[in-house]
Amino acid sequence: MKPVLPHAQLDWDDQGRPRSRVFDDVYFSDQSGLDETRYVFLEQNRLAERFADLPANGRLVIGETGFGTGLNFLCAWQLFEQHTVAGARLHFVSVEKYPLSPAQLQRALALWPQLKPLAEQLLRQYVAIHEGFQRITLANGRVTLTLLIGDALEQLPQLDAQVDAWFLDGFAPAKNPDMWTAELFVELARLAAPGATISTFTSTGWVRRLLNAAGFKMKRTPGIGHKWEILRGEFLGWPADVAPPLPYKPWFARPAPLTGERSALVIGAGLAGCATAASLSARGWQVSLLERHAGVAQEASGNPQGVLYLKLSAHGTALSQLIVSGFGYTRRLLESLQRGTDWDNCGVLQLAFNAKEAERHAQLAEAFPADLLQWLEQPAAQARAGVGVAHGGLFYPEGGWVHPPALCQAQAAQPNIELLSHHDVLQLRKVGDQWQAWDGERLLASAAVVVLAGAAEIKRFAQSAELPLKRIRGQITRLAQTAQSAALNTVVCAEGYVAPARLGEHTLGASFDFHSDDLTPTAAEHQGNLAMLEEISSDLVDRLHIDQQPVEGFEGRAAFRCTSPDYLPIVGPLADLPAFNQTYAALSKDARQVPDSACPWHHGLYVNSGHGSRGLITAPLSGELLAAWLDNEPLPLPRSVAEACHPNRFALRKLIRGK
């Protein structure tokens, strides 16, 4: 279904305040929105004292219904900065059906000069906000904002979190009753941490009664401004007369949180490893990043240009949801890098090069809003590309190319990360509560946690040898820019891709070879890449003077991608496979059973691998997912997507099939 209103529909009054056209209601008090936010949400949830009580490495999770202009979030963030010790963290999770566009948000937040330093940080990161879970990292990782874009009753049931304080700030119950239902309040109760607090600007009787029925103890309290009364309360526990939520299946449940030292070994310094190290570093972990080569990004992450390539499905698959969320997260990370040399948001044009692709593109154009992708007929596609193309296609205006080593280097340079190069880990041993990395007879490093991020090489370890990862050789071709090829304005893709020049050189790629183990570039694969270029744009072939260059003279680079059978990455905690098969053997006879047995984990052992050709989009957010698993935080992805990426999915399928 084509989203009708991807952004809020606003009118602005003569004082510059926004009003929702859809709900015919204001976003904040016309007397003093700032005072109301601080009184209704910050004071009633006792946030100043709770922030002050947070220890280093402590955190508070706030949940909100109705992000709106972000006013409540900015006020909570400001209070957090005023009262917390270094090392404490704020998680803010907010659901919003109609997000403001960047321009609307900037205009609304200009009303609050007191919040300008924080608002400017938010606005810099407020890019690529699309449907689903969108994670925004602020204040050097101290503050995490997770926006759930879409209908509250579709998004909140997919949230895996424990919320310490709830802000109920949808439009007024009379204007937007869907945000004040018994069904929604049961979701708030499911997500509430023991003793969670809750507050809202409304004092409507039926809202209070429904919240009480969901397990909250609500009471009326004096209001502010023209509000005589408001509601505040706390969560007493799940109500006896309501069916409890189904427990998570034990093979997907969170391992018991680790106590003690927060140290981690991350093995592999490509996109997945550097992203994982950065996410752990932001949470105060001491990270040793072990790499067998001389530096970061030496294998598949070392290509000069990679593409933010969104191969989506119109049917909301787990992979498609991951791609939209991961694309947004990566795009926000890139804002801190150097545009032009490290990355460029020149857009990506995917050509409909045959009838099947044209049909797929039509479905996608119907399913997604135009700020994510738009269909261009051939003349418009050609104008956008700047060179001749034979077909129309989908244009992704926020896409572009990235120099992956720059992203890896920026992430590996975060505090608390030590890069240990020329460290080739061959074996893992668990001694007491420590994991040890060995290269044979020599102990390289040890820590409480290990994350395996070395692509298909992680199959060398006994604990991860059964993961179904396969290597695919890919070769890119480097093409010197000409005066005529400089006209290429955007990345253009068909079976392969070609990017506008970086430092005088275009990247063309990439081949797929499932059989070769030799990483020496070959003339045959250069020839194959050039055939893909002909399919993309014969005009560009002419502009690059390809026919004047012998194929043996082309330079390139080959590396192994690493992928899984279902093309989803493998991200999460690792189980002890023989013990797993024994614990859940009953599933081979009846797949509907859910044995009441805790999963036998390899405690402290995690994996982040299998990103295929999508690593730029999926690996950074997967680093956040792993850090959330480890720190028992709100997950940055829908629960169903996290489960679809879980390492245990393969062992589970084998058991169910009786293998």
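Which residue is the bridge partner of A264 in β13? The legends below start from that pairing. The structure is a predicted model, in which local features need pLDDT of at least 70 and side-chain atom pairs count only at pLDDT 80 or more, while totals for chains, interfaces and linings use all residues. Residues are numbered from 1 along each chain as its sequence is written, and side-chain values use heavy atoms, with hydrogens and water left out.

**View 1. Strands β12 and β13 run parallel.** The bridge partner of A264 in β13 is V287. Strand β12 covers residues 263–267 and strand β13 residues 286–290, and five bridges join them. Strands here are DSSP runs of E with at least two residues, helices are runs of H or I with at least four residues, and both are numbered from the N terminus. Two strands are said to pair if DSSP finds at least two bridges between them.

**View 2. Six strands form an open sheet with mixed pairing.** The order of the strands is β20-β13-β12-β24-β31-β30. The edge strands, each pairing on one side only, are β20 (417–420) and β30. Neighbouring strands of this sheet are turned by 20° against each other on average, direction ignored; the axes are lines fitted to C-alpha atoms, for helices over the stretch in contact, and angles run from 0 to 180 degrees between N-to-C directions.

**View 3. Strand β31 pairs with β24 and with β30.** With β24 (residues 449–452) the pairing is parallel over three bridges, and V607 of β31 is the bridge partner of L452. With β30 (residues 570–575) the pairing is antiparallel over five bridges, and W601 of β31 is the bridge partner of A575. Strand β31 spans residues 601–609, of which eight of the nine are buried, where buried means under 20% relative accessible area, exposed means over 50%, and partly exposed lies in between (1.4 Å probe, protein chains only). Helix α17 (residues 615–631) lies across β24, β30 and β31, and runs at about 170° to β31, contact being counted for heavy atoms within 4.5 Å.

**View 4. E624 forms a salt bridge with R135.** The closest N and O atoms of this pair are 3.1 Å apart, a salt bridge being a side-chain nitrogen of Lys or Arg within 4 Å of a carboxyl oxygen of Asp or Glu. Because E624 lies in helix α17 and R135 in strand β6 (residues 132–138), the pair ties together parts that are 489 residues apart in sequence. E624 is buried, with a relative accessible area of 3%, and R135 is buried as well, at 1%.

**View 5. R471 forms a salt bridge with D517.** Their closest N and O atoms are 2.9 Å apart. R471 lies in strand β25 (residues 470–480) and D517 in the loop between β28 (505–509) and α14 (523–536), so the pair ties together parts that are 46 residues apart in sequence. R471 is partly exposed at 30% relative accessibility, whereas D517 counts as exposed at 59%. Both residues belong to a network of salt bridges that also links R292, E299, D424, E457 and R460.

View 6. C408 is buried, with a relative accessible area of 0%. The structure holds zero disulfides.

Note on methods. A disulfide is a pair of cysteine sulfur atoms within 2.5 Å.
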